[in-house]
Amino acid sequence: MTDGAGTDLPLIRHNDYSPLDPPALGEWDPALPVSVIIPAHGGQRRLDLTLAALAAQTYPDHLMEVIVVDDGSDPPLRLPEIAPPGTRIVTADPGRWGIAHAVNTGAALAEGRIIQRLDADMVVCREHIEALARWHHLAGYVVAIGAKKFVEEPELSPAHLYDGVRTGPLEAVFDLSEALPSSTEQTISRTNGLRTSRNPYHVCTGPTVSMRRETFHAVGGVDPDVLRGEDTEFAYRLAAHGVVFVPDMAAQAVHLGLPAQRRDRDRAVRAVGPYLAHRVPLRRDLRKDRGRRWLVPYVEVVLHVDGDERQVRDAVSAALEGSVTDVRVTLVAPWSRLPAGRRAVLGDPSFELRLLREHFTHDERVRLADEVSPTPAPTPFRYTGPISVPLGHGSLERMIAAVQDDRSGMLVVDLGDDGTATLQRTEALGRARLLGADDVPTSIKATHGVRQGDRAEFWPVPAASAAPARKPAQAPAEKSAQAAAGRPTQAPAEKSAQAAAGRPAQAPPEKPAWNPPEQPVAAPARGDRSPEPARKPESRLSRLRSAIWRG
C-alpha cells in the first residue's frame, strides 16, 4: 500500500503503528521542512523562553520556520533576541479571535511540508521537533504527539534556558521532581502507546502536535467557532479522516504554569461540554438531553430512491423513528436534473420524484443529494441499504453495537433477494481513501476488518405476544342469555348513571407503552478505560447499548 504522498507503507491496522520503524535521533538526514505555528495572546516572557528553546533544536535551521501569530496582544508581541533564524511574528485578523483562528492564520502562511503546532508557554527539549518530524518522513497520514509536564514558571533568563536546552536534557534546566504529569500520558501508557486505543484522538490535546500540511487542510483546519476544546474537536476530525496517532515520549516538553482544569475544574469542564456535544458524536455521554438535534449526527442513512413514493417515505420514517434517533437521512436521486419551468403537473414524467422532493426538502433531518459523498465525515457511521427493507426499530443499534464490539470497519448484512445492507465506520473509510485504495472494502478489511451478518441478526422477527387473547365481543343473543341466567349486562341507563356520578364506564385495560431510552443513562469515562469488574448478567439490549457506548 501507499499513502497519499506515494510513500510505500507496511500495513497499519487500527492505530497499531508498530510496523513503522523510525530512525534513531541524530542518526538520519531530515528532508521535509517544518513550519512551527505558535498562537499567542500576551505572555511575552513565556514566549521568549519558548523561542529560546526552539533556537536550540537539533532539526536543521534551513528546514524550520517559526510563525508566531499575535492574537490581539496589548502591547503587541515583539521578536526577542534569541529565536530561530526563520522566525516571524504575524498579526491575526482582528475581526476574529481565539486559538483556532490564530492557528489557521499561521497554517495559511506556512511553507513547510510539516505543520507543528506549539503553545506559546511550552519549553521543548532540543530533540523535540526532530523526534516528531521523523514519523512524517515514514508516512503521510501520521499525527505525532509530544509529551509534556506542567511546572510552575521559574525565574529563568532566555539565555540561560537556551544554553541548558542546547547542552542537556530538560531535567538539567527545570526541577521536575514536583512537575505535574499530563493525564493523557497515563492513557498512552495504559494502551501500549495508543496502539490498542479505541479512541486515540482523546489524547491529541494540542500544545504540541504535528502533521503533514495537506492533512491539516484536508479536514478544514481548526474550527474557529470552538472556543474551548478546539484541539479535541480537531483531533476527532483527524480521526475520521483516517490518520494514525503516534505519541513520541522522546519529544519532551514542559508547560509553564498549571492547566486550567487545576485552577477552575468545574468551569473548564462545563465550558468544553456544549462544543463537543454538537461536534463529536462519539461523546455519547454529552448527548443525554432527550428530543435534541445535534450539529453532527451519529449516523448517516443513505437511501437510493428506486421505488415508489410510499415505499421511500416508509423507509425514511423507519430510519428516523428507530431506537437510534441521532441520524440524518440522505436521499440519492437526480434531483438537480429535474427540469424547471412550465409543465403539466399531473402528467409530469417526473411526478413521483417531484412529490418526494416536496415531501422532504424542508425537513432538516433529510438531505437530497445527486450522489453519495466520498465520506460522511465528521459523522462516524454511514448506513446504506435498500428501501425495500426498511430499518427495523433496533436494526441500527444492533449494527453499531456489532462493529463497536470487535472494532471492525464495515458490517455487511445479507438480505437475501433484497441485496445487502452495509454499515461503514468513517475512520476506516477515511483510511482507505488516504491509501488511495481502488477497492475500498478490501482496504477496510486489511486495516480494520469486515464483519459479515445475516438478516435475522439485525432484523429479528418480533416474538409472539404473551398477553392472553381478549374475548370476542358478545353478540346480542349471548347478552340476552346472560341476562336470563342472572348475569345482567350493563345497560345504557346504568352507564349514564355511572358517568353522572363521576365513575366512567370501564374500558379494557391497556398495555402500558414502553419507549426505550435514546441513550443509556450511564456515561462512559472519557478516554480509554481499564476492564471493569464483572457485573450481573445484562439483557441483550443492554449489552448492545454498552457496546455502542464503549466507542
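Helices (H or I, at least four residues) and strands (E, at least two) are DSSP runs, numbered from the N terminus. This is a predicted model, where local features need pLDDT of at least 70 and side-chain atom pairs count only at pLDDT 80 or more, while totals for chains, interfaces and linings use all residues. Residues are numbered from 1 along each chain as its sequence is written, and side-chain values use heavy atoms, leaving out hydrogens and water.

Me: Which helix gives the most to the lining of the largest cavity?
Reply: A cavity is a set of points on a 1 Å grid over the protein atoms alone, where a 1.4 Å probe fits but cannot get out; lining residues have an atom within 4 Å of a point. Both α7 (230–241) and α13 (426–434) supply at least two residues of this lining. With three residues, the top contributor is α7.

Me: How much space lies in the largest cavity?
Reply: The structure holds six cavities of 30 Å³ or more. A volume is the space filled by probe spheres set on the grid points, which are joined across faces, edges and corners. The largest cavity has 22 lining residues, with R198, N199, L282, R425 and E427 nearest its centre. Its space is about 300 Å³.

Me: Which are the edge strands of the open sheet of seven strands?
Reply: Two strands pair if DSSP finds at least two bridges between them. The order is β3-β2-β1-β4-β9-β6-β10, with mixed pairing. Each edge strand pairs on one side only: these are β3 (87–91) and β10 (244–248).

Me: What is the bridge partner of S35 in β4?
Reply: Strand β1 (residues 34–40) pairs with strand β4 (residues 114–118) in the parallel sense, over four bridges. In β4, the partner of S35 is I115.

Me: Is R284 buried or exposed?
Reply: R284 sits in the loop between α9 (265–279) and β12 (299–304). Its side chain reaches the backbone oxygen of P281 at 3.1 Å, a polar contact (a pair of N or O atoms within 3.5 Å, one able to donate a hydrogen and the other to accept it). Buried means under 20% relative accessible area, exposed over 50%, partly exposed in between (1.4 Å probe, protein chains only). R284 has 4% relative accessibility, so it is buried.

Me: Which residues does R213 touch, not counting residues up to four places away in sequence?
Reply: R213 lies in helix α6 (residues 213–218). It is partly exposed, at 26% relative accessible area. Contact means heavy atoms within 4.5 Å. R213 touches A110, E111, G112, R113, I114 and I115.

Technical notes. 1 Å grid on protein atoms, 1.4 Å probe; cavity = no way out; pocket = protein on both sides within 12 Å on 5 of 7 lines; lining within 4 Å.
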